[in-house]
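Trainee: I would like to learn how to read features from a model. Can we go through some of them in turn?

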Amino acid sequence: MKESTNKPETFDFLFVGLGAANGLLLLRMHENGLLEGKTIAIIEPDSKTTNDRTFCFWATEDEVSALGLQHLISHRWENIEIKGMAKQSIAPLHYYHVHGIDLYNQTKSVLNELNFKHFSSPLLVPALRINNYYAIQLPHKTIQAHKVFDSR
């Protein structure tokens with residue numbers, strides 16, 4: 001009699017959701033060579049094919065440059081204006097605006113260069129730590145990952 005080999009698929013990294021936090025984390029990890037030769041799982045029920053939101057943040061020009069986000073910035077503000085007050089500089093910071101679809105597309109472009117698998121199932125229960133990995137129960141299967149990034 002043959003033993004069952006229904007061992008869950010194992011990944012080095014699992015990212016739950018592809019919003020701003022995980023998208024930027026993936027881009028930064030890739031930029032630093034941390035994803036090279038690694039297996040990656042993405043759990044994201046949404047196809048991320050529409051501009052469903054915008055991401056705005058405060059940063060210096062150097063920080064934006066270090067993150068490699070210049071090409072994703074759709075608008076930036078150098079001043080603030082509050083009703084009844086004179087316009088004021090916010091230097092050395094700027095307020096930046098990124099269209100969600102631009103970040104999604106950049107992240108998906110990087111993922112396509114890597115060894116990744118996308119699961120469109122929702123994650124209904126938290127990952128469970130077992131020895132040196134996390135067990136992740138999806139609706140129709142269980143997967144495992146050594147590191148989990150959940151930004152929901």
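Trainee: Is N131 buried or exposed?

Mentor: The model is a predicted one. Exposure is read from relative accessible area, and over 50% counts as exposed. N131 has 68% relative accessibility, so N131 counts as exposed. N131 sits in the loop between strand 9 (128-130) and strand 10 (133-138).

Trainee: What is the phi of N131?

Mentor: Phi of N131 is near 55°, which is a positive value in a residue other than glycine. K48 also has a phi near 55°, again positive and again in a residue other than glycine.

Trainee: Where is K48, and is K48 buried or exposed?

Mentor: K48 belongs to the loop between strand 2 (39-43) and strand 3 (54-59). Under 20% relative accessible area counts as buried. K48 has 8%, so K48 is buried.

Trainee: Which residues does a cis peptide bond join?

Mentor: Omega is the angle to read here. The cis bond joins A91 and P92, with omega about 10°. P92 is placed in the loop between strand 6 (88-89) and strand 7.

Trainee: Let us go on to strand 7. Is H97 buried or exposed?

Mentor: H97, which is part of strand 7, has a relative accessible area of 14% and is therefore buried. With neighbours within four places in sequence left aside, H97 is in contact with T54, F55, C56, L72, I73, S74, H75 and W77.

Trainee: With which side chain does the side chain of H97 make a polar contact?

Mentor: The partner is the side chain of S74, at 2.4 Å.

Trainee: Which residues is H99 in contact with, leaving aside its neighbours within four places in sequence?

Mentor: The contacts of H99 on that basis are N51, R53, T54, L72 and S74. With N51 there is a polar contact from side chain to side chain, at 3.4 Å. For R53, compare the two separations: 46 residues from H99 in sequence, but 6.7 Å in space, C-alpha to C-alpha.

Trainee: How many residues apart in sequence are L124 and P139?

Mentor: They are 15 residues apart in sequence, and their C-alpha atoms are 8.0 Å apart in space. L124 is in the loop between strand 8 (115-119) and strand 9. With a relative accessible area of 66%, L124 is exposed.

Trainee: Now the helices. How are two packed helices described?

Mentor: The description uses the angle between their axes and the distance between the axes. In this model, helix 1 (residues 20-31) and helix 3 (residues 100-111) have axes that come within 10 Å and cross at roughly 40°. The two helices are therefore oblique to each other. Their crossing is left-handed.

Trainee: Which residues make the contact?

Mentor: Helix 1 contributes A20, G23, L24, L26, L27 and H30, while helix 3 contributes L103, Q106, T107, V110 and L111. By class, the residues of this contact are seven nonpolar, four polar and no charged.

Definitions and conventions: Residues numbered from 1 in each chain as written. Predicted model: local features only at pLDDT ≥ 70, side-chain atom pairs only at ≥ 80, totals over all residues. Heavy atoms only, no water. Contact = heavy atoms within 4.5 Å. Polar contact = N/O pair within 3.5 Å; in protein donor to acceptor, adjacent residues only side chain to side chain. Axes fitted to C-alpha atoms, helices over the stretch in contact; angles between N-to-C directions. Helix = DSSP H or I, 4+ residues; strand = E, 2+ residues; numbered from the N terminus. Parallel < 35°, antiparallel > 145°, perpendicular 65-115°, else oblique. Left-handed = near helix turned anticlockwise from the far one by under 90°. Nonpolar A, V, L, I, M, F, W, Y, C, P; charged D, E, K, R; others polar. Buried < 20%, exposed > 50% of the residue type's maximum accessible area, 1.4 Å probe, protein only.
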